[in-house]
Amino acid sequence: MAKDYDSDVKLICDITGNSLCQGTTEDFTKLFSDRFDTLRTQLRSQRRELMKAIPIKRAKKTKDNESQLIGIINSIRTTQNGHRFFELEDDTGMIPCIVLNNNKDLFQTADYLLTDEIIGVTGSLSKNGHDEVLAGKVH
């Protein structure tokens with residue numbers, strides 16, 4: 001059993017000689033920021049639907065009918081009415097998104113979403129005054 005052994009692990013050396021980090025919180029944050037930037041660039045270049053993706057902060061201010069966003073899923077749940085609700089986050093802010101259960105194909109895709117996953121979303125902002133994206137498509 002693992003609990004029978006000490007968890008004393010020490011890094012003796014970096015065999016590549018390329019390690020530039022010390023394992024600090026800043027290093028961890030930089031890793032996730034770099035990962036997000038890399039995947040956002042890939043999504044923009046490989047998915048025509050996301051070529052004009054904008055930051056969440058700007059999407060909240062826009063009057064466009066449809067926005068394209070790329071972000072990290074912060075949380076996800078099913079609402080009382082059976083819709084899929086998730087919060088999408090980027091380096092400028094967070095926005096709630098909802099996938100209505102009457103859109104069977106999109107709803108089925110939303111069932112496979114995971115927290116910390118980086119996705120692209122196209123949809124329109126809610127017309128009821130809330131900063132909420134009605135997801136038209138998940139990429």
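Before I come to the strands, a word on terms: two strands pair if DSSP finds at least two bridges between them, while helices (H or I, at least four residues) and strands (E, at least two) are DSSP runs, numbered from the N terminus. With that in place, R84 stands opposite V99 in β3.

What you see is a predicted model, in which local features need pLDDT of at least 70 and side-chain atom pairs count only at pLDDT 80 or more, whereas totals for chains, interfaces and linings use all residues. Residues are numbered from 1 along each chain as its sequence is written, and side-chain values use heavy atoms, with hydrogens and water left out.

Let me start with the overall layout. The protein has three helices and five strands, and read from the N terminus these elements follow the order α-α-β-β-β-α-β-β. Of its 139 residues, 31% count as buried, where buried means under 20% relative accessible area, exposed over 50%, and partly exposed in between, with a 1.4 Å probe and protein chains only. If we take contacts (heavy atoms within 4.5 Å) between residues at least 6 apart in sequence, 51% of them join residues at least 24 apart.

Strand β1, residues 67–78, pairs with β2 in the antiparallel sense over six bridges, and I76 has F86 in β2 as its bridge partner. These two strands form a hairpin with five residues between them, and G82, in the turn, has a positive phi of about 90 degrees. Strand β2 itself, residues 84–90, is mostly covered, since five of its seven residues are buried.

I will end with the chain's surface: the accessible surface comes to about 10100 Å², of which 50% belongs to carbon and sulfur atoms, the areas coming from the Shrake-Rupley method with a 1.4 Å probe, and for residues only the protein chains shown count as cover.
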